[in-house]
Amino acid sequence: MPLLGCIADDFTGATDLASMLVENGMRTVQLIGVPASGQPLPEADALVIALKSRTAPVADAISASRAALATLRAAGCRQIFFKYCSTFDSTDAGNIGPVADALLADLSAGFALACPAFPANARSVYQGHLFVGSRLLNESGMENHPLTPMRDPDLVRVLGRQTTGEVGLVPYAVVEAGAKPIGDAMAALAAEGKRYAIVDAVEERHLRAIGAAAAEHALITGGSGVAMGLPANFRSQGLLPERADPAALDDVPGLSAILAGSCSRATLGQIARARDVLPTFDLDPLATPDAAALAAAALAWAKDHLGTAPAARPVLISASAPPERVAAVQARLGRAQAGVLVEAALAAIAAGLRDLGVRRLVVAGGETSGAVVSRLRVRSLRIGAPIDPGVPWTRAEGDGPALLLALKSGNFGAPDFFTKAFATLPH
Ligand code: ADP
């Protein structure tokens, strides 16, 4: 039975959290959306349900989160974690406050902590104020986010605008004093009638102390940082055995490929590096603005270049292009249409590659990954070891044959990511 049940408000955030739990000793599976009722759940110490609720209408975010909670409770989870972004991405209308309110009500709990801090990623909270590096949140660039502009760095105020409850603070001096004083301060705030406490944290040891203080909490809310302290609670309660290798994945032998749809600087650099050593095919949506035709051409090429041996080098199929070429495609097709067309082509190519025997696949691009996972009808990702920070190999299961999948958000990964990824797999 899973011990910890997590609800993440977006897909890459879910993977980030799942990786954190694996790193701290829990075998973790990420589920894509709320599973259908009756669908058997994979065996794991922690389950992470990935939603797309960050910027959804409030009512939709609440109902998806409540459905996720019901699934996790039915699976036997003892504690619930609500994961949001470490920059507290939300609007005055929500969705962090309203979702947390609904989860607390369903859990018949009266109090939860809120801590987005993640010092390793330069997110810290001091006196309730969120910093990104040395800048306050509202001067970090987040004030210009297209969907969730963050113009107030005081999280007590920000969360206060989103909830019907009251919000208090566990300040730095208390957090610095350790788990017991943090626990006492949270209990005192709850006794005063506060529904939430923003908890300061500027170092990893603070996050571990906060985790220890929250061992008995029904609901914990925060970024993936504060989850690092939770596996130790289950171990000290005798519920979680020492796992020899929580990141172990059953191998899936087969051919290898890389699909790139991200046009980020990091991905363009990784492609340039891989081009010298891997067979590479470039999609040209300007010359062929048709998803089916693009996919057919790429798959015909792949048939000739995939090789036959499972240990053969991966092939690289890329739509990625520098800004001027993307602009040209967008000028011709429209910005949204261009994205949809390329995503459809890459998703169809992923399905075709799987038919050709590909079982190990790296996908570059957040939206691109979403399109591929949905086309391949993947329902769960068992989280393995990271290739680079934030990008683990995963074992994907769903309607088709199992796959090893690495889903890379555009800007992640070192320049040699594409070749390095496959070198870490068994041959
Ligand atoms: P990232 O993680 O870098 O943001 P995404 O996959 O989320 O990457 O977004 C990249 C978007 O750019 C996708 O919608 C993709 O379909 C689109 N795209 C990729 N290549 C091209 C291209 N050559 N022309 C226009 N759009 C493209």
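Reader: Which residue forms a salt bridge with D251?

Author: This is a predicted model, so treat every value as computed from it. In general, side chains of opposite charge can pair when their charged atoms come close. Here D251 pairs with R360, and their closest N and O atoms are 2.8 Å apart.

Reader: Where do D251 and R360 sit in the chain?

Author: In distant parts, 109 residues apart. D251 is in the loop between α8 (230–236) and β12 (255–260). R360 belongs to strand β15 (residues 358–364).

Reader: Is R360 buried or exposed?

Author: Buried, with a relative accessible area of 5%. D251 is partly exposed, at 35%. Elsewhere, salt bridges that share partners tie D92, D152, D154, R157 and R161 into one network.

Reader: How many salt bridges are there by this rule?

Author: The count is 25. Take D89 and R54, whose closest N and O atoms lie 3.9 Å apart. That pair also links distant parts of the chain, 35 residues apart. D89 is in the loop between β4 (79–83) and α3 (96–106). R54 is in the loop between β3 (46–50) and α2 (58–74). D89 is buried at 6% relative accessible area, and R54 is buried at 14%.

Reader: What distance separates N and O in the salt bridge of R135 and E139?

Author: It is 2.6 Å. R135 is partly exposed, with 43% relative accessibility. E139 is partly exposed too, at 42%.

Reader: Now the nonpolar side. How many residues does the largest nonpolar core have?

Author: In soluble globular proteins, nonpolar side chains tend to be buried together. The largest nonpolar core in this model has 118 residues. Those with the most contacts inside it include L283, I317 and L353. Helix α12 (residues 335–355) gives the largest share, nine residues.

Reader: Why does this core lie between domain 1 and domain 2?

Author: Because domain 1 (4–236) and domain 2 (255–424) both give residues to it. L353 shows the packing: among its contacts are A257, L299, I317 and L361. Apart from this core lies another, of 20 residues, including I271 and W393.

Reader: What does the side chain of Q270 reach?

Author: The backbone oxygen of G413, at 3.0 Å. Q270 lies in helix α9 (residues 265–275). Q270 is buried, with a relative accessible area of 1%. The residues that Q270 touches include K408, F412, P415 and F418.

Definitions and conventions:
Residues are numbered from 1 along each chain as its sequence is written. This is a predicted model: local features need pLDDT of at least 70, side-chain atom pairs count only at pLDDT 80 or more; totals for chains, interfaces and linings use all residues. Side-chain values use heavy atoms; hydrogens and water are left out. A nonpolar core is a set of buried Ala, Val, Leu, Ile, Met, Phe, Trp, Tyr and Cys residues joined through side-chain atoms within 4.5 Å. Buried means under 20% relative accessible area, exposed over 50%, partly exposed in between (1.4 Å probe, protein chains only). Helices (H or I, at least four residues) and strands (E, at least two) are DSSP runs, numbered from the N terminus. Domain bounds come from an automatic or database domain assignment. Contact means heavy atoms within 4.5 Å. A polar contact is a pair of N or O atoms within 3.5 Å; within protein, one must be able to donate a hydrogen and the other to accept it, and residues adjacent in sequence count only if both atoms are side-chain atoms. A salt bridge is a side-chain nitrogen of Lys or Arg within 4 Å of a carboxyl oxygen of Asp or Glu. Lists of a residue's contacts leave out its neighbours within four places in sequence.
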